[in-house]
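Let's take a walk through a protein together, stopping at a couple of residues on the way. Have a look at the picture first, then read on.

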Amino acid sequence: MDPTQSKSVFQMQVFKAPPDLDKTSLYPPEKWKIMGILNPYYKCGAPLKVEPSTFPDPRGLEATVFTIASWQIICNISKPVKRNTRCCVSFSAYYNDSVVPCNTCACGCDEGDTKTEHCNQNARAMLLPPEALLVPFENRTLKTVAWAKLKHLHVPKKLPCGDNCGVTINWHVVSDFKGGWSARITLFNWQPFHFQNWFTALQFKKRVSIGFEKVYSFNGTLLKKINNTIFMQGLQGANYLIAEDNGTNPKVPGKQQSVISFTKKFTPYIQIAKGDGFPTKVLFNGEECSIPTQFPVRSGNQLPNVYLVQQMLLVLVLAFTLNQILY
């Protein structure tokens, strides 16, 4: 997204052993791999020899030194068939008390791990109270179970496993009115290191993003040529997503948030509460995040997701049919 930050230059000191002492015949490593803190999967090509690069004389002289040889390696983002994501998204809205959390094992669950022996890797993630987003997953058990009992939701004997994601993003629908709507995005950093110059991008269905107006605490731009993607990054001087604070109990994540406003002028037909107000794809620093398979509904606290609404309607229809037969 920023061409000035898309290149990396480094110098290698090469030693030659007899009998191959020809300084003009140098052979760079053929296989390259980028290992970042949280980044997409890159596939790198073979080194291509280019014109020798220059750098200032290390002795402090006002002179330019030419390298003996220079190579260029181009690495492009690719999407492997099997690979766990490293970030995830949760959904919430003003018309429902519960938060739809990140999916179970969204960023992977290690087979044979002692932690997974006490949790179900295949169970659907349980709904959360909003304050649970501020504490690590290992400290959410009591809050999750208490919330489920308060809302009369099923509590499985073996609770679902955590998401294991280093970065989580909450998308919260703040308002919905005739002329427009608004949302709040919150980024949580659960890693022990900072993210400098972070960026995030969101895509919606039904061309919802063309109604984008403004991001109030971040820099925001609508990229119409890239599937109407909303691109956001931190403001100058506030572009650090700080690390998790390990000095507290429970630990406190690094956090940044902003409100985003939309107009319905170009999309008056959209239905925010039926899913149009939630992104279908979210990326953080180029990494595609895992998003929930359900979203909050307007029907009330006892209806945690769309699937349950459908099931209850089915039960009501069956009950009505049975009642007609009996009479």
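Our first stop is T144, which counts as buried because its relative accessible area is 8%, and the cut-off for buried is under 20%. Keep in mind that this is a predicted model. You'll find T144 in helix 1, which covers residues 141–150. What does the side chain of T144 have beside it? One of its polar atoms lies 2.8 Å from the backbone oxygen of R140. If you skip the neighbours within four places in sequence, T144 is in contact with M126, L127 and L128.

Now let's hop over to K264. Is K264 buried or exposed? K264 has 11% relative accessibility, so it counts as buried. Its side chain makes a polar contact of 2.6 Å with the side chain of D176. D176 also turns up among the residues that K264 touches once those up to four places away in sequence are left out, and so do F177, K178, G179, G180, W181, I270 and I272. Look for G211 as well: it is 53 residues from K264 along the chain, yet their C-alpha atoms are 6.0 Å apart.

Time to zoom out. The protein has two helices and 19 strands. Of its 327 residues, 40% are buried. Take the contacts between residues at least 6 apart in sequence, and 66% of them join residues at least 24 apart.

Terms used: Residues are numbered from 1 along each chain as its sequence is written. This is a predicted model: local features need pLDDT of at least 70, side-chain atom pairs count only at pLDDT 80 or more; totals for chains, interfaces and linings use all residues. Side-chain values use heavy atoms; hydrogens and water are left out. Helices (H or I, at least four residues) and strands (E, at least two) are DSSP runs, numbered from the N terminus. Buried means under 20% relative accessible area, exposed over 50%, partly exposed in between (1.4 Å probe, protein chains only). A polar contact is a pair of N or O atoms within 3.5 Å; within protein, one must be able to donate a hydrogen and the other to accept it, and residues adjacent in sequence count only if both atoms are side-chain atoms. Contact means heavy atoms within 4.5 Å.
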